[in-house]
Amino acid sequence: MLIATSIEAMQQTESFHAEVDAAFKVVQTEASFRMDEETFGTEFPIRYSGDFQMPDRSDGKLQIALGLALLELDIITIGETAYITNPETGAWEQFPLFLTGLPDPYELVLAPSDTSRYTNLQYVGERTIEGVQTHHIRADLRANVLGSAFDNLFVELWIGTDDNLLRQLSMAGETSVDEQVTAGIASNTLGAADIGGEAEFLVTITYTNYNTDIVITPPIG
């Protein structure tokens, strides 16, 4: 399977750069004065740009728009440790990654590695991405590939014809957003409102600079 070959090729790389553009649209419902319901959507654009030193180091910048507020963080991960800049002071702070409330950057940018999760595969053809000839594949993903909160997942992959490395990945689907999570991300610093509900999302990831000389070290400690 071409996807399995690509997953193996990605695991054998020494480094790469990834650009992530994502948009979550939370569909909310509120009661109107007529006692019926009105639905409306709130969009959360998310952008991440980072370098990855395999197997477990990353160095990037995360931007999340929460209403009128923009959260910008520099994030370095080394194993299970995360170093994050404080939004108020700009100083680096150290946390266990699982306590940050942020996804592991590797889980954010790498395609799901369990090939049994891919169904209804369709080979679209060849296409050039950033000057590289690629195989274009479409597939559905079984609902629990990203956890039980995700559903109706659809993925497209562009895999290099010469090296089997990912050049671009797009994923779309539905999920639920906990308003406590958005409040935690926004924090009192941003003063954003708590927003929760069902959400649609689209993520596009572009990969470049494979096997370049990248060295990621702790910023403090």
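Where is the place of Glu-198? Glu-198 sits in strand 11, which covers residues 197-208.

## Basis of the model

This is a predicted model, in which local features need pLDDT of at least 70, side-chain atom pairs count only at pLDDT 80 or more, and totals for chains, interfaces and linings use all residues. Residues are numbered from 1 along each chain as its sequence is written, and side-chain values use heavy atoms, with hydrogens and water left out.

Strands (E, at least two residues) and helices (H or I, at least four) are DSSP runs numbered from the N terminus. Glu-198 counts as exposed, at 53% relative accessibility. On the scale applied here, exposed is over 50% relative accessible area, buried is under 20%, and partly exposed lies in between (1.4 Å probe, protein chains only).

Thr-175 is 23 residues from Glu-198 in sequence, and the C-alpha to C-alpha distance between the two is 6.0 Å.

## Salt bridges between strands

A salt bridge is taken as a side-chain nitrogen of Lys or Arg within 4 Å of a carboxyl oxygen of Asp or Glu. By this rule the model has six salt bridges.

One of them joins Asp-21 to Arg-47, with 2.8 Å between the closest N and O atoms. Asp-21 belongs to strand 1 (residues 15-31) and Arg-47 to strand 2 (residues 37-53), so the pair ties together parts that are 26 residues apart in sequence. Both ends are partly exposed: Asp-21 has a relative accessible area of 40%, and Arg-47 has 32%.

Another salt bridge is formed by the side chains of Lys-61 and Asp-74, at 2.8 Å from N to O. This pair links distant parts of the chain, 13 residues apart, with Lys-61 in strand 3 (residues 57-66) and Asp-74 in strand 4 (residues 69-78). Lys-61 is partly exposed at 36% relative accessible area, and Asp-74 is also partly exposed, at 26%.

Asp-163 and Arg-167 form a salt bridge in which the closest N and O atoms are 2.6 Å apart. The two residues fall into separate accessibility classes: Asp-163 is partly exposed, with a relative accessible area of 30%, whereas Arg-167 counts as buried at 12%.
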